[in-house]
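Open the model in your viewer and keep the selection panel at hand.

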Amino acid sequence: MTDRTQRRAVRLTVAQAVVTYLSRQYSVADGHRRRLIPAALGIFGHGNVAGLGQALDQLSDRLPFVQGRNEQALVHIATAYGKATKRHAALAVTASIGPGALNMVTGAGLATVNRLPVLLLPGDTYATRHQGPVLQQLQHPVEADASVNDAFRPVSRFFDRITRPEQLLTALPAAMRALTHVDTGAVVVSLPQDIQSHAYDYPAEFFAERDWPIRRPAPDADEVAAVARMLADAEKPLIIAGGGVVHSGATEELEALADAAGIPVAETFAGKGAIQRRAWWQLGGIGLEGTPAVNALAREADFVLTVGSRLTDFATASHSVFQNPDVRFASINVNVNDAGRLGATGIVADARRALAALTDAVRANGTTTRANWRERVRALDEGWQGRRAAALDPDTPFDFTSLPDGSDVVRDTDAALSQGQLIGLLQEHARSGDTIIAAAGGPPGDLLKVWEATEGRFAHLEFGFSCMGYELPAAIGVRFAEPDPSKRVLSLLGDGTFLMAPTELVTAAQERLPVTIVIPENHGYQVIHRLQMLRSGREFGNEFRYRDGGLEIGSGKPARLEGDYLQVDLVRTAAGLGARAIRATTADEVRTALAETRDHDGPVVLVVPVIPHADLPGAGVWWDVAPAEVSEQEAVARLRGEYEEGLASQRWYG
């Protein structure tokens, strides 16, 4: 007991206090109470092993620990877990000082951009400074208190550095508030190596169980009425569903509005699967990787209601997709800035509550769309569905003459399927309860365009940060959130992404997690290769090819990467990391592999060679990626001219 407070005290180290406190925090959402921080992940080094490592060991029954292989990947696991739990729970991640901490910065940026909760506990250099400079310490010439952990500040929703033990009394509650706020992201509590092991007499009540509400801000009645009037006046309305619909669990409310007023609904990457019912108004993706049907409707729309989206340049085709001169915008968002994007009339509120209120207003007004708009929606979507089915059909041999370079590319591969046909096979296999994950390269765009995320088949697309390396660890995070092995968790990622970050396969094997990784092997960063050809007309540095003649740096004799495709055995790589690995080339081989591994009790990697340069039908929109304004290459000058023509379609909306 301390003389100062006359309260019962508990003497703990800073690290023991952190772990004890986290083990007793709960979130409450819609009447459901659950552990806010149910587990910790990490890699130990000298900056956290004697502090947090000791505490996690001593208190492992209260806060289970998952050992990882790469700090960035561990943050991705935690981020995916936060998304899969609809932001009702988060995982803690710890790393050592210096490079271990900095490895988490990319993951922090991804979490914050996507507004998903993660708690990061990086070690930091000594606060006492008796030892300095120490191993992995940054010595800034004019900011003596700077450390590499300051790199977290611009990519975090909350940051604090603990330099005295008693600072936890205010820092940890502030961190919990940030994790449970509607505008959440990476929450960073930086812990100097020595401070982690310092002891303090903490008030016992600090460690009492505490509930943190996940709030649903209510809509303002005047804002709802204003948007309802705009909707009643519209002749060609369109709804865009973003990730906020998914986070809020507002699917039924959105479906009710679309059904009541007969409004077509498009989806962003984060909003994929926001509509679960199959109906004529359920259309799929919008924007650069959306469907041509949706984008045609967007060009005609005179009223656009966005729900829970930031409307990035992919969704708006760099502000070029909405071409009706009379188009007006409204938005539902918990973030006031996002609610006003494109000059929108905003409802600043929780998506579920706002949609329910707007639906009541629509029904009261008797608002419904005109028959000619509904028929236009049906006609465009039916036309697209025929093209989609043909592109996904795995049993019709691919037409190699359709490739931009003819059939020459097939000589270097054993591929018989396109990536679209592989997705068709995955769609055929998907059941209610399954989740498909993608994040960078071609897979997320293709899934936005053609994946049927309805009737309980979920899509988990991370495209706010478009971070290569997210997909595999994300499967682990989703599996932690959904332990039922009958619900398949599958990540679709390119060979480039797999080669960048395959090591969490070891973690999945160690934890015996049933996750499936499907790798369409197309020998390179092919989606960027496609963009490169559209903007410069020549391939350079994107395909995985041998260098003819060898590289002599400084010789003045450049040798380009223009040889045969690189031979890398992805199956043996995956098997060596603990996965059950299979190579399947034909449609029937893929079907068999998927069926035989569905109940496997550990990680599965399915490698499928796919035909390079074989893309799905285009979205029919423009994207603001500028070719060089000055170039000696003739093709670049021509492409620059085409780009400048496209600039004429770009608009400012307010």
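Predicted model: local features only at pLDDT ≥ 70, side-chain atom pairs only at ≥ 80, totals over all residues.

A cavity here is a set of grid points where a 1.4 Å probe fits but cannot get out. Its volume is the space filled by probe spheres set on those points.

Stop 1: Select Leu426, His429, Ala430, Asp434, Thr435, Ile436, Trp451, Arg457, Phe458, Arg488 and Leu490, which form its lining. Colour them by class: 6 are nonpolar, 2 polar and 3 charged. Now show α15 (419-429) and β18 (435-438). Each supplies at least two of the lining residues.

**Stop 2: the largest cavity.** The whole structure has 6 cavities of 30 Å³ or more. The largest contains about 740 Å³ of space. Centre the view on Asn114, Gly243, Gly244, His247 and Gly308, which lie nearest its centre among 49 lining residues. The lining splits into 21 nonpolar, 16 polar and 12 charged residues.

Next, highlight α8 (243-248), α11 (313-316) and β16 (328-333), each of which gives at least two residues to this lining. Which element gives the most? It is α8, with 4 residues.

**Stop 3: the surface.** Select Leu499, Tyr546, Leu566 and Val568. They make up a nonpolar surface patch with about 300 Å² of accessible area together. Zoom in on Val568, in the loop between α20 (526-535) and α21 (570-576). Its relative accessibility is 30%, so Val568 counts as partly exposed. The cut-offs behind that label are under 20% for buried and over 50% for exposed.

Note on methods
Residues numbered from 1 in each chain as written. Heavy atoms only, no water. Patch = residues over 30% accessible without salt bridge, like charges linked within 9 Å, V, L, I, M, F, W, Y side chains within 5 Å. Areas by Shrake-Rupley, 256 points an atom, 1.4 Å probe, with all protein chains shown as cover. Salt bridge = Lys/Arg side-chain N within 4 Å of Asp/Glu carboxyl O. Buried < 20%, exposed > 50% of the residue type's maximum accessible area, 1.4 Å probe, protein only. 1 Å grid on protein atoms, 1.4 Å probe; cavity = no way out; pocket = protein on both sides within 12 Å on 5 of 7 lines; lining within 4 Å. Nonpolar A, V, L, I, M, F, W, Y, C, P; charged D, E, K, R; others polar.
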